[in-house]
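These are my notes from going through the structure, entry by entry. I kept to what I looked up.

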Amino acid sequence: MKTLIFRSIAPYLTALVLLFSAFVTLRGHNEPGGGFIGGLLAASAFALYGIAFGVPEARRAMWFHPMSVAGTGLLLSAISGLPSFFRDTPYLTGVWTTAPLFHFDVATIILFDIGVYLVVAGAMTSIALALEDSGEG
Amino acid sequence: MAGPIDITGAMITTATPAGDWLAIVPIALPIIAGASLLMLRKRLHWQAPIAVATLALVSLATMALFVRVWTSGTVVMTMGRWLPPFGISFTVDVLGALFACTASLVALACGVAAVQSIERPARRYGYFPFLLLTSVGVNGAFLTGDIFNMYVWFEVFLISSFGLLVVGSTRAQLDGTLKYGVLNLIGTTLFLIATGYLYGVLGTLNMADIVRKVPQLDGAPLMTLAALYLTAFAMKAAAFPVQAWLPAAYHTPNVVTSAFFGGVLTKVGVYALLRVLVLLFPMQLAGLSGVMAWIAAVTMVLGALGALAQSDIRRMVGFLVISGVGVMLSGLAIGTGPALAGGIFYALHSMVALTAFYLLAGFIADRAGSASLHVLGGLSSVPLLTGVAFILMLCIAGLPPGSGLWPKIMVVRAALEAQHGWLTAAILVSSLLTIITLGRFFLLTVWRPAVADAVLAEGKRSSWPGPMLALTAVALLMGLYPEPFVQAASRAADGLLDPAAYVQAVFGGQN
């Protein structure tokens, strides 16, 4: 789309929505929100960017291929269940530990959430960009 | 943090033995490898080795799992250590381990066969990740002990199998995938509706918990549930009258894909029927057994007749798959221990033998440049293919010393004992038709002299026959030394008919 207003505002909007998607994902740890909805927000941000500047530009801006992003997410989610092996608990049990230097709690659960975020963001962006691509011919 | 919180009411507090992790390895490992391959999309030469190595490790893991289940009883792992009815349990009994083990071996053979027969464009579009994720879904369905989770695994392998079917994007493939997709989506939607209804009635999805609760209910619409599940899984298993998608789709993709699907995917439907109807709704299954017997008989005979009518080898094998499903279902219809054991053994045989037969069809098409029985001929000049074709013919037709013989004898004997006269007749008639079909196939492709324009392309690149030979050897072994397989199938059937050990394994001390 070539309107000046949309083109001028799209980068800011994309950045804002991406930031918000990260916020929603982290908020999902204890409150409504989470990786799935965050990933959808991120995908809509990239779709917006694609509408404004065209699909090739959006792909360049993403740096990684959307499917690689989704693959990374699946990998993160799957391996987030593995550390529980060393605590004699079943697969996917949350493991908490305190980071040695900074004294705050870290958990495998957030790794799983980030994985979901990346899977949804990658897969949805992939679909959205493919649809936009064929739309422009 | 406040003082220690008492978690014994919500969580499992006993340590999980490291060996129980074998239940999750067949899922977690291929997911991790599949995701990595997705990230490494550009490195085409890494795809095949990583995929094959993963499938080999998964096969080893399922074998170890089977040994563990065989020696020390049902293995249970409840995710996130929540107590069973709430946490999702993986409950692996002999039946699940047996199916997972066989399916993983078949997947490994297909993975090895795919190394040579999958072209570069298909690799670029993610053939190997799809293969791994399909095998994740199949293993998940075999190993899980939670019915909604089973639905999720059905979706996983369904969606990955779309990918495998459509990769290559020829017109015939798109046509086949569309039919496969629509009919299977209807099947899984029925599965989902039934599961939602089940949850509404029973308030639980854990299969061991369902087994405990079903007898306590009076007047619950259990027959409706059983019938819904029967319809949904019959669609997956390609039983009459919902079998039309299979011959419409399975001859279109790459032959390795057909081999994997024909061997494994319909058996997931059969497994689900066994698991849900025999374990969860035994009373309702007894009520449905008349219908089941009809379905089984018609599936068998129509499958064999369909196979007889085909001139394309791969379409013919597709109908043979359907005919075999009928034999498994007749085990289910009779419902006694030996009959179920026969059905289970037949499913194992069918996974191995039909996958091998699809691979053989691929080899024949490669060498002769055609898969049509009108054109083929003169295969006797290739002794290897002739030998494999001969052994597989015996196996699938159920002639000694092939692997199909023993399970068929078990089912027929059980049918006679249970006074199912015409079901016995149907099994024998379908066997006869299968023999005629395969005899015709053998006669036309091997003994008939080569037709002039079908020159066996000697110079053509032909792939390594290892996987096909290995599967044929396994099928022959099943026929020559069936004792361990009969024993395993019998124990699997006993585990289904007497679920006390299954429930005990999940709920242990608590009541």
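Predicted model: local features only at pLDDT ≥ 70, side-chain atom pairs only at ≥ 80, totals over all residues.

I then took residues 12-29 of chain A, where the chain is 89% helix with 0% strand; here the end C-alpha atoms are 27 Å apart. An unreviewed UniProt entry annotates both spans as "transmembrane region", along with residues 67-86 and 106-131 of chain A.

Next I looked up chain B in UniProt. The unreviewed entry places "domain: NADH:quinone oxidoreductase/Mrp antiporter transmembrane" on residues 145-434 of chain B. Over that range I found 79% helix and 0% strand, with the end C-alpha atoms 36 Å apart.

I checked the length of helix 9 of chain B, residues 222-237. Its 16 residues should span 22 Å at 1.5 Å a residue, and the end C-alpha atoms are 22 Å apart, so the two values agree. After helix 9 of chain B comes Ala238(B), with a positive phi near 60°.

I listed the buried residues of helix 9 of chain B; among them are Leu225(B), Ala226(B), Tyr229(B), Leu230(B), Phe233(B) and Lys236(B). What do the buried residues of helix 9 of chain B pack against? I found helix 7 (171-202), helix 11 (255-280), helix 12 (282-309) and helix 13 (313-334), which belong to chain B.

I went on to helix 12 and helix 13 of chain B as a pair. Their axes come within 7 Å and cross at roughly 160°. Angles over 145 degrees count as roughly antiparallel, so I logged helix 12 and helix 13 of chain B as roughly antiparallel to each other. The crossing of helix 12 of chain B past helix 13 of chain B is left-handed. On the helix 12 side of chain B, the residues that meet helix 13 include Ser289(B), Met292(B), Ala296(B), Met300(B), Gly303(B) and Ala307(B). On the helix 13 side of chain B, Met316(B), Phe319(B), Ser323(B), Gly326(B), Ser330(B) and Ala333(B) are among those met.

Last, I looked at where the two chains touch. I have 17 residues of chain B in contact with 18 residues of chain A. Which elements give two or more residues to the side of chain B that touches chain A? They are helix 1 (25-39) and strand 1 (75-78) of chain B. Helix 1 of chain B gives the most to that side, with seven residues.

Methods
Residues numbered from 1 in each chain as written. Chains lettered and ligands numbered in written order. UniProt positions renumbered as here; feature names shortened; annotations may be inferred. Helix = DSSP H or I, 4+ residues; strand = E, 2+ residues; numbered from the N terminus. Expected span 1.5 Å × (residues − 1). Buried ≥ 20, exposed ≤ 12 C-beta atoms within 10 Å, placed from the backbone. Contact = placed C-beta atoms within 7 Å. Axes fitted to C-alpha atoms, helices over the stretch in contact; angles between N-to-C directions. Parallel < 35°, antiparallel > 145°, perpendicular 65-115°, else oblique. Left-handed = near helix turned anticlockwise from the far one by under 90°.
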